[in-house]
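Please look at the sequence and structure first.

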Amino acid sequence: MDKKPSVVHDSDADLTVGPPKRSAAGLPSLVDSLPRAVSQMGPSRTWKSLLAMNQKDGFDCMSCAWPDPPERKLAEFCENGAKAVGWEADPLKVPSTFWDENDVDSLAGRSEYWLGQQGRLVEPVYKPAGSNHYRPISWDNAFRIVARELNALESPDEATFYTSGRTSNEAAFVYQLFVRAFGTNNLPDCSNMCHESTGLALGETLGVGKSAVSYTDFAKADLIIIMGQNPGTCHPRMLTALEEAKLAGASIVAVNPLPEAGLINFKNPQRPRGLVGKGTDLADQFLQIRLAGDMALLQAVSKRVLEAEKAAPGAVLDHAFIEEHCQGLEAFRAHIDNLDERDVLAATGLGVQEIDELASRYLRAEKVIITWAMGLTQHKKAVATIKEIVNLLLLRGNIGKPGAGPSPIRGHSNVQGDRTMGIWEKMPEPFLNALQREFGFDPPRHPGVDSVDSIRGMRDGRIKVLVALGGNLVHAMSDTTAAEAAVRKTRLSVQISTKLNRSHAVVGEQAMILPTMGRTEIDRQASGEQFVTVEDTVCAVHRSAGRLEPISDKVLSEVAIVCRMADTVLGDKVPVDWGAFEANYDSVREHISHVVPGFEDFNQKARSRDGFVLSHGPRDERKFPTATGKAMFTVNDLETIHVPEGRLLLQTVRSHDQFNTTTYSMNDRYRGVKKGRLVLFAHRDDLADLGLADGGYVDVHSEADDGVDRVLRQLRLIAYPTARGCVTAYYPEANVLVPLDSTAEGSNTPASKSVVVRLEPAAPPDFSASAH
């Protein structure tokens with residue numbers, strides 16, 4: 001069986017490839033972002049929005065979850081943040097005539113980039129059964145259709161309710177309240193596809209599945225180890241914190257299969273030396289690890305630490321910390337003693353001296369931060385790998401002191417806050433009990449489905465309705481063809497969105513798009529102008545209030561959409577005043593203060609210009625709310641991926657001009673790619689071994705045990721300085737190659753960073769026949 005994506009991509013006929021960059025940001029970031037923002041929004045709208053971004057009385061960037069510094073600069077935004085604002089605040093509107101001119105099938109043939117360029121959605125539209133066109137519809141009729149379909153289900157579990165990490169705390173809380181009042185815990189979210197592995201690993205070992213460092217800890221660290229992460233593209237403001245740490249004396253180690261520009265040199269555009277000088281060199285050591293080799297590396301470093309302790313008893317490990325706060329050291333020590341160095345070298349592709357150097361750096365440092373992102377979380381052994389980060393940090397007490405700790409960097413701006421507010425299919429009993437006390441109904445207690453299992457449920461006919469509060473589930477999900485086929489089997493698919501994306505073109509028997517306001521816009525309700533709150537990646541909560549007039553008087557806020565939907569669907573089923581929630585978000589926050597730990601006096605805290613930081617036992621007091629009350633050393637069996645001869649290991653990544661599935665342009669400046677995305681980065685020697693050459697074309701086939709031939713055709717080969725045996729393609733285009741059932745153990749996160757592939761020579765595309 002040959003499975004391939006149905007989307008027609010923008011032509012790569014003008015694709016050009018140059019050498020990768022060795023520095024990030026600087027003047028090119030300003031030249032690339034600011035004129036683009038002005039051309040999209042106009043000068044006044046641009047400066048009004050950009051100068052309010054990430055300010056204490058402004059709005060939070062809808063892009064990454066990187067925390068704000070205690071003291072803000074005049075321009076507290078990065079290149080990608082400026083692009084995100086320009087993309088959202090673009091005054092171009094999708095006209096009513098668009099729906100007559102473009103049926104669903106034609107939209108399905110368009111690229112993600114084209115869809116995003118059509119402008120803001122400004123009216124609800126509905127595709128009835130038997131029709132191939134969306135048509136404008138009133139808000140009341142839209143909610144009545146949703147209520148009709150949801151209430152006709154045999155069980156509430158026949159619906160699933162997806163959430164994007166852009167959603168505010170207030171919208172997330174009322175959304176999960178609506179879903180649980182409806183009767184299901186089917187609350188998948190984008191965290192299922194990114195840091196679910198992190199939450200599980202940290203929760204089991206430390207008792208809290210969040211970062212155990214603050215923003216200011218970075219400048220206090222002696223050593224920062226950055227693993228599977230590309231901050232120059234995915235969260236560029238982190239580079240400022242790394243520069244501050246480096247100037248304060250920290251050493252930085254980068255562990256990654258690709259040499260990323262932002263980890264080599266940072267030209268801070270807010271410093272003269274960043275604009276006209278050489279910038280700041282960041283990584284003191286670069287370990288070009290093979291894909292999925294991180295677990296072996298971490299175990300190897302831990303073994304060297306334990307051997308150093310054996311050679312100098314009492315002088316290496318933090319015995320006082322371990323004795324008082326930890327459990328499981330002896331079992332961990334016995335396990336690591338048996339680690340085979342040959343297995344480590346084979347898994348990592350590194351040399352002994354490189355690993356020795358990293359271990360030496362770790363042993364010299366008194367305060368160590370290890371930070372990571374998708375490069376670690378999207379593997380089969382992701383949970384075990386992150387547990388090995390904890391093992392290494394525990395050995396020398398690098399948790400619960402300034403300048404030290406585990407620091408996962410979340411991607412979407414409020415994905416962590418959504419989880420805090422209850423967006424999870426497995427919320428613990430204390431949260432559900434609090435909901436029951438506060439609202440007078442008994443929420444469902446059985447676990448719901450996550451994102452991957454939602455697709456399986458739609459595929460198998462068990463889930464008949466999909467409601468998505470933001471996001472782009474179809475294109476973000478692995479196994480694109482399977483995901484698309486699954487959604488098309490639903491009775492109704494509902495998307496709450498600001499702009500068009502792929503999920504609006506891959507629809508159920510009936511489909512609906514509900515336009516929502518963006519974070520940049522002023523939210524006026526019956527009681528006046530409203531603000532919302534978000535939680536960043538270091539547990540800091542702060543307010544966000546838009547500055548721009550709404551794109552249209554027909555769009556509603558996310559809170560308003562959810563409340564009106566809930567009121568129409570539920571009627572008087574539960575004693576919740578949805579109208580009061582919509583009219584005044586203070587009423588939402590008042591209920592949150594009674595339900596969510598750490599949010600007591602929420603309305604008062606939210607009005608503080610500095611916001612507030614949620615308590616974190618391991619970070620604040622070295623208290624570990626695990627099952628034993630101790631931080632847990634764990635034993636994790638090393639398992640390497642078998643890659644047959646003639647095959648390679650694929651990872652998917654973002655381009656520089658991209659946030660999640662949103663494509664801002666067809667360029668990837670740091671990797672030297674312009675005007676194209678259908679490319680495959682591979683080591684020149686690997687290409688030679690396979691009889692392939694730079695500039696040639698290949699079909700990429702993934703090889704899985706299910707026997708399905710998943711293929712992405714006619715990718716342009718780029719000889720690139722990646723780790724040997726590893727290739728890279730862009731997400732989401734390459735999602736088609738990731739099997740739906742290939743997920744991380746325990747977290748069920750798609751294993752998008754370790755796909756065994758074979759390359760078959762292909763003819764160049766016929767660009768003259770390109771549809772677009």
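Which residues lie nearest the centre of the second largest cavity? Among the 19 residues of its lining, they are Met517, Gly518, Arg519, Asp523 and Val532.

## Basis

The model is predicted: local features need pLDDT of at least 70, side-chain atom pairs count only at pLDDT 80 or more, and totals for chains, interfaces and linings use all residues. Residues are numbered from 1 along each chain as its sequence is written, and side-chain values use heavy atoms, with hydrogens and water left out.

## Cavities

The whole structure holds 7 cavities of 30 Å³ or more. On a 1 Å grid over the protein atoms alone, a cavity is a set of points where a 1.4 Å probe fits but cannot get out; a pocket is an open set with protein on both sides within 12 Å along at least five of seven lines, and lining residues have an atom within 4 Å of a point. Points are joined across faces, edges and corners, and a volume is the space filled by probe spheres set on them.

The second largest cavity has about 240 Å³ of space. Its lining comprises 7 nonpolar, 7 polar and 5 charged residues (nonpolar: Ala, Val, Leu, Ile, Met, Phe, Trp, Tyr, Cys and Pro; charged: Asp, Glu, Lys and Arg; polar: the others, Gly among them).

## Largest pocket

The volume of the largest pocket is about 1,200 Å³. It is lined by 43 residues, and Gly209, Lys210, Arg419, Trp424 and Pro428 are the closest to its centre. Two or more lining residues come from each of helix 9 (196–206), helix 20 (415–420), helix 21 (429–439) and helix 27 (585–595). Helices (H or I, at least four residues) and strands (E, at least two) are DSSP runs, numbered from the N terminus.

Helix 9 gives the largest share of this lining, 5 residues. By class, the lining has 16 nonpolar, 17 polar and 10 charged residues.

## Second largest pocket

The second largest pocket has a volume of about 720 Å³. Lys380, Ile641, Ser742, Ser754 and Val756 are the closest to its centre, out of 24 lining residues. Helix 13 (294–311) and strand 32 (755–762) each give two or more residues to the lining, which divides into 9 nonpolar, 7 polar and 8 charged.

## Surface at Val276

Val276 is found in the loop between helix 12 (272–275) and strand 10 (280–281). Val276 is exposed, with a relative accessible area of 76% (exposed is over 50%, buried under 20%, partly exposed in between; 1.4 Å probe, protein chains only).
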